[in-house]
Amino acid sequence: PTSAQVSAVPHSGRFCYTLDNDLLTTEQRQFYEDNGYLLIKNLVSDEDIERFRKEFMRICEREVKPPGIMIMKNESLRSQFGQSEKVVNKVQDFQEDEELFRYCTLPEVLKYVECFTGPNIMAMHTMLINKLPDSEKQTFLHPMHQDLHYFPFRPASRIVCAWTAMERAHQDNGCLVVQPGTHKTTLKPHGYPELEGKTNKLFHGLLNEDEKIPKVHLVMEKGDTVFFHPLLIHGSGINRTSGFRKSISCHFASSECHYIDVKNTTQEHLEKELQEMVCKKYNATSVDLKDIWNFRARLVQGERINL
């Protein structure tokens with residue numbers, strides 16, 4: 001249980017994207033309603049971040065091999081460095097790694113999550129991102145996108161991402177870039193950008209990006225955490241420094257959310273790509289999208305209802 005007492009019903013008046021709670025101020029709720037994100041300073045301790053960093057290094061060095069984890073690498077550097085921090089750019093689906101999964105259970109994070117999801121909380125999608133120093137190829141640029149594109153469950157307003165900087169994130173090392181207010185729009189078509197050498201597996205982006213919408217670079221200190229709506233258009237630039245830019249994140253959802261059929265929608269091509277990847281990894285002939293998400297999902301608080 002968290003310290004924030006939360007009503008599971010959205011406020012009938014001015015607030016659509018947050019639930020009534022004793023934690024967020026009226027100004028904070030209004031900022032999220034208007035912009036689709038909320039930045040909380042110094043939320044996660046240095047001690048916890050150091051533990052997550054050490055576990056990431058252990059995974060890189062193959063000291064631990066959590067089941068179901070997906071390790072994404074820059075294949076062009078593999079022959080030079082093997083599997084190391086210099087090659088691994090993302091550890092995804094770490095829900096079976098007890099040390100990294102601690103992030104999803106931190107009371108200081110969950111008390112904020114509950115303001116968006118209500119008391120029954122599922123961790124749906126987990127990532128530790130290690131943005132590598134980049135070249136002119138911009139391999140690790142993540143084009144502007146909406147996270148809901150990846151999720152076959154609804155309603156969107158009961159899903160929230162918690163994204164914590166593991167070191168200072170700024171424009172030079174590829175901090176998050178958001179387009180405030182775009183969470184009020186619909187889910188737009190996504191695909192791979194048509195740029196030679198700039199596509200990373202599953203790094204989909206908007207097919208028609210509106211360049212006129214203002215962008216905000218979220219400069220964050222170590223331990224700062226941003227909570228954002230899955231329809232908020234966001235991305236991240238390349239890392240122009242010689243160091244690494246690490247962050248840890250989880251998409252949380254109310255367990256009362258429900259799965260949808262993505263057939264004949266803009267998400268259908270993603271379903272096929274994901275199914276092909278999972279079938280190849282586990283040597284399976286076919287797999288259902290709902291089963292993939294059931295495997296990824298893990299209860300962190302309350303009761304597991306639909307997801």
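A residue counts as buried when its relative accessible area is under 20%, as exposed when that area is over 50%, and as partly exposed in between. In this predicted model, cysteine 16 has 46% relative accessibility and is therefore partly exposed. Cysteine 257, by contrast, counts as buried because its relative accessibility is 1%. As for cysteine pairing, the structure holds zero disulfides.

Confidence in the prediction should be considered next. The protein has a mean pLDDT of 88, with 87% of its residues at 70 or more. Over residues 1-12, however, pLDDT stays under 50. For this stretch the model has 30 contacts beyond four places in sequence. Where pLDDT is low, predicted coordinates should not be read in detail.

The largest nonpolar core comprises 39 residues, and Val91, Tyr103, Cys104, Val109, Phe227 and Phe252 have the most contacts inside it. At least two residues of this core come from each of the helices α2 (46-60), α4 (98-105) and α5 (107-117), and likewise from each of the strands β3 (37-40), β5 (88-92), β6 (121-131), β9 (159-165) and β16 (245-254). The greatest contribution is that of α5, which gives six residues.

Leaving aside residues up to four places away in sequence, valine 91 touches Phe56, Ile59, Ile69, Met70, Leu100, Thr126, Met127 and Leu128. Another core, of 21 residues, lies apart from the largest one. Among its members are Leu231, Leu270, Val278 and Ala297.

Key. Residues numbered from 1 in each chain as written. Predicted model: local features only at pLDDT ≥ 70, side-chain atom pairs only at ≥ 80, totals over all residues. Heavy atoms only, no water. pLDDT = per-residue confidence, 0-100. Contact = heavy atoms within 4.5 Å. Core = buried A, V, L, I, M, F, W, Y, C linked by side-chain atoms within 4.5 Å. Buried < 20%, exposed > 50% of the residue type's maximum accessible area, 1.4 Å probe, protein only. Helix = DSSP H or I, 4+ residues; strand = E, 2+ residues; numbered from the N terminus. Disulfide = S-S within 2.5 Å.
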